[in-house]
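Here are my notes on the model, as numbered points. Please read them with the structure open.

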Amino acid sequence: DKGLEKSKENFFGKLSKAVAGKSKVDDEVLDNLEEVLVASDVGVKTTIKIIDRIEERVAKDKYLGTSELDQILREEIAGLLSETGSGEATEFVVPEKKPYVIMVVGVNGVGKTTTIGKLAHQFKQQGKKVVLGAADTFRAAAIDQLQIWADRVDVPIVKQSMGSDPASVAFDTIQSAVKQDADVVIIDTAGRLHNKVNLMNELTKVKRVMKKVVDNVPDEVLLVLDGSTGQNAFEQAKQFTAATEVTSLAVTKLDGTAKGGVVIGISDQFQIPVKYIGVGEGINDLQIFNKMEFVDSFFK
Ligand code: GDP
């Protein structure tokens, strides 16, 4: 699998070093393992959780060989991902009710626009009618970039001039989607991490105004995070989950990082399922997150 190769080598390489010359899982091995997990961006809290669970198994079985550690780690990581619903290999399922509205949040540069373009392409390939809304109005470049993707995928986009009210763009987009009988609406939003209250106000207003056109939207709030940014991704997850109810995650740039552990830590700490991963810049480089494939890629 093209995308995840880098995560592979590195985690497995480090893990091998952590157990080198040891036949039994002891405190030293666990300490080394803890370091490896933290260095792979799993995050301290989730790392401790994993180590605790392994310690429990060591205590129960009295003896645990390092040769079994791989398998046990896999089980524990897969277990953690399951607890949040991550990686059951389900995509967004568009219901009968139209339009299905996905509001996309995340800071500039994480790959938000690219992810929207790739998603739009997937829906279009499924025969769905898609409309994009450019409600990240703070930067002209954000609107332009979304336009480029709309052209590439060949879907309509609703936009206004830079600096216009994001909620107004969202309102127009939903209205236009209803008029066109569109199946799916993907709304780009606030790309800057201004202070918490502003972020919350902006996202809350966008949601409120959309509901004036169609009840109970958005159906999904998808937070896009850059998987190569480690602690920054954790911090962004914290800010956005505090500002609005995030229902799912897309983690990008896993092709370019040795630190795919972000996926494990963030879904665990925020209890939000990872739905998609970005593994390249191309239109087809968005994969439905598959838990077992991901775990395997760590250990191969
Ligand atoms: P935005 O500012 O969050 O909308 O970010 P963009 O969508 O414009 O993406 C920023 C940069 O990251 C662009 O150069 C994209 O091609 C690149 N990018 C986005 N997703 C991925 C990915 O999954 N892998 C790689 N390697 N690059 C990506």
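**Notes on the ligand site and the chain**

1. A backbone N or O atom of Gly 109 lies 2.6 Å from an oxygen atom of the ligand. For Gly 111, the distance from a backbone N or O atom to a ligand oxygen is 2.9 Å. A polar backbone atom of Lys 112 is 2.8 Å from an oxygen atom of the ligand. A polar contact here is a pair of N or O atoms within 3.5 Å. The protein covers 78% of the 580 Å² of accessible area that the ligand has on its own (Shrake-Rupley method, 1.4 Å probe).

2. A word on the basis. This is a predicted model, where local features need pLDDT of at least 70, side-chain atom pairs count only at pLDDT 80 or more, and totals for chains, interfaces and linings use all residues. Residues are numbered from 1 along each chain as its sequence is written, and side-chain values use heavy atoms, with hydrogens and water left out.

3. Which residues come nearest to the ligand? Of the 16 around it, they are Gly 109, Thr 113, Thr 114, Asp 255 and Glu 281. A residue counts as near if one of its heavy atoms lies within 4 Å. The shell divides into 3 nonpolar, 8 polar and 5 charged residues, with Gly counted as polar and Asp, Glu, Lys and Arg as charged.

4. Helix H5 (residues 112-125) gives the largest share of the shell, 4 residues. Helices (H or I, at least four residues) and strands (E, at least two) are DSSP runs, numbered from the N terminus.

5. The ligand sits in the largest pocket. That takes more than half of its atoms within 2 Å of the grid points. A pocket is an open set of points on a 1 Å grid over the protein atoms alone, where a 1.4 Å probe fits, with protein on both sides within 12 Å along at least five of seven lines.

6. The structure holds 16 salt bridges (a side-chain nitrogen of Lys or Arg within 4 Å of a carboxyl oxygen of Asp or Glu). One of them pairs Lys 97 with Asp 219, closest N and O atoms 3.2 Å apart. The two residues are 122 residues apart, Lys 97 in the loop between H4 (69-83) and S1 (100-105), Asp 219 in the loop between H8 (196-211) and S5 (220-226).

7. Check two cis peptide bonds. Lys 98 to Pro 99 has omega near -15 degrees, and Pro 99 is in the H4 to S1 loop. Val 217 to Pro 218 has omega near 0 degrees, and Pro 218 lies in the loop between H8 and S5.

Key. Polar contact = N/O pair within 3.5 Å; in protein donor to acceptor, adjacent residues only side chain to side chain. 1 Å grid on protein atoms, 1.4 Å probe; cavity = no way out; pocket = protein on both sides within 12 Å on 5 of 7 lines; lining within 4 Å.
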